[in-house]
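Please work through each task with the structure at hand before turning to its solution.

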Amino acid sequence: MLDYIVVGAGLSGIAVAEELISRGKNIIVFDDSSQNSSTVAGGLYNPVILKRFTLAWNAGSQLEIAIPFYKKLEQKLGVTLLEDLPVYRKFSSVEEQNNWFAAMDKPMVSAFLDPILVPGVNPYIPSDFSFGRVKSTGRLDTSMLVNEYRNFLRTKGILEDDTFKVNLLVPEQDRVNYGETRARRIIFCEGFGMKNNPFFNFLPLHGNKGEYIIIKAPELNLNVAVKSSVFILPLGDDLYKVGATYDNRDTDPAPNQKARENLTNQVKKLITCEFAVIDQVAGIRPASKDRKPLVGQHPEYKALYCCNGFGSRGVLIAPAIANNLIAHIENNALLDPETDIKRFSKA
């Protein structure tokens with residue numbers, strides 16, 4: 001009898017699995033790499049929504065949990081995952097400058113906004129209205145994290161590189177049966193794949209397709225992230241990731257030519273040096289209609305749980321949400337009502 005089955009090993013599944021392992025729980029993780037939103041993500045963590053200069057939902061407390069969590073994983077896996085990366089917002093008008101300073105009157109936001117604007121960050125990224133720096137930003141190498149953590153699970157013999165066949169799951173009130181496997185509980189961390197899960201497809205999970213292009217720009221020599229109409233993130237070796245798009249109608253995980261053209265045009269507006277598009281990646285972000293995670297216990301089958309719907313902020317959200325969910329299950333801690341799926345259970 002296992003303590004838990006975890007389905008999915010993206011950001012959500014990793015955070016859940018690590019919480020359980022740290023508690024000494026006996027688990028097995030299923031993952032078939034079918035959901036790639038974690039691995040294609042930019043990996044940027046940034047507590048401020050830079051369109052409106054507002055603090056992202058619970059970003060301050062999430063940051064306090066996320067950074068120590070990933071640093072602990074760095075030590076455990078023996079790899080470097082985190083990188084301090086300054087983020088600069090390019091202003092396009094005096095109004096945006098004024099909005100930046102107005103946001104600094106809000107105590108929760110002001111801690112993350114630098115009051116001193118800079119006239120430029122790179123000779124090939126001109127601006128008539130200067131740049132503002134966001135504090136406490138950086139990047140997580142999500143691709144390395146996912147690959148290294150899956151390898152860790154393999155070495156422990158607790159990873160099934162296989163599709164979880166939900167039609168074979170037989171839930172009981174105090175356990176679940178899956179073929180020859182028995183477990184006290186199961187937690188689904190499937191990302192957008194949860195749309196095909198008959199136990200949780202009543203939840204309003206929506207796909208939000210995000211696409212990036214990878215460009216090579218030898219002259220640019222940029223070592224900070226810049227946000228204008230799009231983000232441009234340095235990758236090293238003269239490579240930069242540019243994105244992302246947000247499309248809630250296209251659920252095809254394959255890259256789209258129209259998105260490639262749109263992003264290329266945005267780069268032309270942002271930088272003045274030559275560049276070449278050398279790659280394009282896409283993923284479907286799992287999001288809810290109220291833009292809050294979908295976490296909690298199935299309304300009928302008490303051994304079934306889900307941990308999903310992180311949208312574009314999974315790097316910051318995942319550790320805090322997983323911590324809350326496992327504390328709720330194991331210690332009867334209060335599950336955050338803003339994330340609890342009970343808010344949709346009547347549907």
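This is a predicted model: local features need pLDDT of at least 70, side-chain atom pairs count only at pLDDT 80 or more; totals for chains, interfaces and linings use all residues.

**Exercise 1. How do the axes of helix α3 (residues 59-77) and helix α6 (residues 142-155) cross, and within what distance do they come?**

Residues are numbered from 1 along each chain as its sequence is written, and side-chain values use heavy atoms, with hydrogens and water left out.

Step 1. Two packed helices are described by the angle between their axes and the distance between the axes. Helices here are DSSP runs of H or I with at least four residues, strands are E runs of at least two, and both are numbered from the N terminus; axes are lines fitted to C-alpha atoms, for helices over the stretch in contact, with angles from 0 to 180 degrees between N-to-C directions.

Step 2. The axes of α3 and α6 come within 11 Å and cross at roughly 55°. That makes α3 oblique to α6, given that angles under 35 degrees count as roughly parallel, over 145 as roughly antiparallel, 65 to 115 as roughly perpendicular and the rest as oblique.

Step 3. In contact (heavy atoms within 4.5 Å), Y70, L73, K76 and L77 of α3 meet L145, E148, Y149 and F152 of α6. The residues of this contact of α3 with α6 divide into six nonpolar, no polar and two charged, where Ala, Val, Leu, Ile, Met, Phe, Trp, Tyr, Cys and Pro count as nonpolar, Asp, Glu, Lys and Arg as charged, and the others, Gly among them, as polar.

**Exercise 2. At what angle do helix α1 (residues 11-22) and α3 pack?**

Step 1. α1 and α3 pack at an angle of about 75°, with their axes 12 Å apart, which makes α1 roughly perpendicular to α3.

Step 2. L11, I14, A15, E18, I21 and S22 in α1 meet F69, Y70, K72, L73 and K76 in α3, and the residues of this contact divide into seven nonpolar, one polar and three charged.

**Exercise 3. What order do the strands of the open seven-stranded sheet have?**

Step 1. The order is β8-β7-β15-β16-β17-β14-β18, with mixed pairing; two strands pair if DSSP finds at least two bridges between them.

Step 2. Because β8 (131-134) and β18 (276-288) stand at the edges with a single partner strand each, one side of each is left without a neighbour in the sheet.

Step 3. Within this sheet, β16 (residues 231-236) and β17 (residues 239-243) pair in the antiparallel sense over five bridges, and the bridge partner of G236 in β17 is L239.

Step 4. Helix α7 (residues 257-270) lies across β7 (87-90), β14 (205-216), β16, β17 and β18, running at about 55° to β14.

**Exercise 4. How many residues of strand β1 (residues 2-7) are buried, and which strands pair with β1?**

Step 1. Six of the six residues of β1 are buried, so the strand is largely enclosed by the rest of the structure; buried means under 20% relative accessible area, exposed over 50% and partly exposed in between, with a 1.4 Å probe and protein chains only.

Step 2. Five bridges join β1 in parallel to β13 (residues 181-188), where V7 stands opposite F188. β1 also pairs in the parallel sense with β2 (residues 27-30) over four bridges, and there I5 stands opposite I28.
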